[in-house]
Amino acid sequence: MSTTKKSRELLPDRIYDMLLGARTADKVTIHFKDGRLVTGALIFNPFKGTGRIINIDQEISLDFAIDEIRDLKM
């Protein structure tokens, strides 16, 4: 009997749909596959599959691609 570890990552199609819905949200929290966690306003380009999250309080801006995201919270 083999056991498999359940992944906590969302499927890329699900992340894409969530990013489309989050474009109008005030704040979004993105959990990246490399362990980073960033909260801020979201800009998403659905044609390129890329975006930017901007946190004005911490004065940071981070570009990302869909394949870098593990989870997304609104």
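Let's start in the sheet: in what sense do β1 and β2 pair, and over how many bridges? They pair in the antiparallel sense, over four bridges. When I say two strands pair, I mean that DSSP finds at least two bridges between them. Helices (H or I, at least four residues) and strands (E, at least two) are DSSP runs, numbered from the N terminus.

Quick housekeeping. This is a predicted model, so keep in mind that local features need pLDDT of at least 70 and side-chain atom pairs count only at pLDDT 80 or more, while totals for chains, interfaces and linings use all residues. Residues are numbered from 1 along each chain as its sequence is written, and side-chain values use heavy atoms, with hydrogens and water left out.

Okay, the overall layout. The protein has one helix and five strands, running α-β-β-β-β-β from the N terminus. The five strands form an open sheet in the order β4-β3-β2-β1-β5, with antiparallel pairing. At the edges stand β4, residues 60-65, and β5, residues 69-73; each has a single partner strand, so one side of each is left without a neighbour in the sheet. From one strand to the next, the twist averages 40°, with axes taken as lines fitted to C-alpha atoms, for helices over the stretch in contact, and angles running from 0 to 180 degrees between N-to-C directions.

Across from V28 you'll find G40 in β2. The hairpin of β1 and β2 has four residues between the strands, and G35 there takes a positive phi near 100°. Going on, β2 (residues 37-45) is joined to β3 (residues 50-55) by five bridges, and F44 stands opposite G51 in β3. In the other direction, four bridges join β1 to β5, also antiparallel, with H31 opposite D71.

Buried here means under 20% relative accessible area, exposed means over 50%, and partly exposed is in between (1.4 Å probe, protein chains only). Both faces of β1 are covered: V28, I30 and F32 on one side, T29 and H31 on the other.

Over to the helix. In α1, I15, M18, L19 and A22 are buried. Looking down the axis, the buried residues of α1 fall within an arc of 100°, so they line one face of the helix; that arc is of the directions from the helix axis to the C-beta atoms. Their cover includes β1, β2, β4 and β5.

That brings us to the largest nonpolar core, with 16 residues. By a nonpolar core I mean a set of buried Ala, Val, Leu, Ile, Met, Phe, Trp, Tyr and Cys residues joined through side-chain atoms within 4.5 Å. Those with the most contacts inside this core are L19, I30, F32, L42, F64 and I69. The largest share, four residues, comes from α1. Take F32: leaving out residues up to four places away in sequence, F32 touches V38, L62, F64, E68, I69 and R70, where contact means heavy atoms within 4.5 Å.

Phi of E59 is near 55°, a positive value in a residue other than glycine, and E59 is exposed, with a relative accessible area of 73%.
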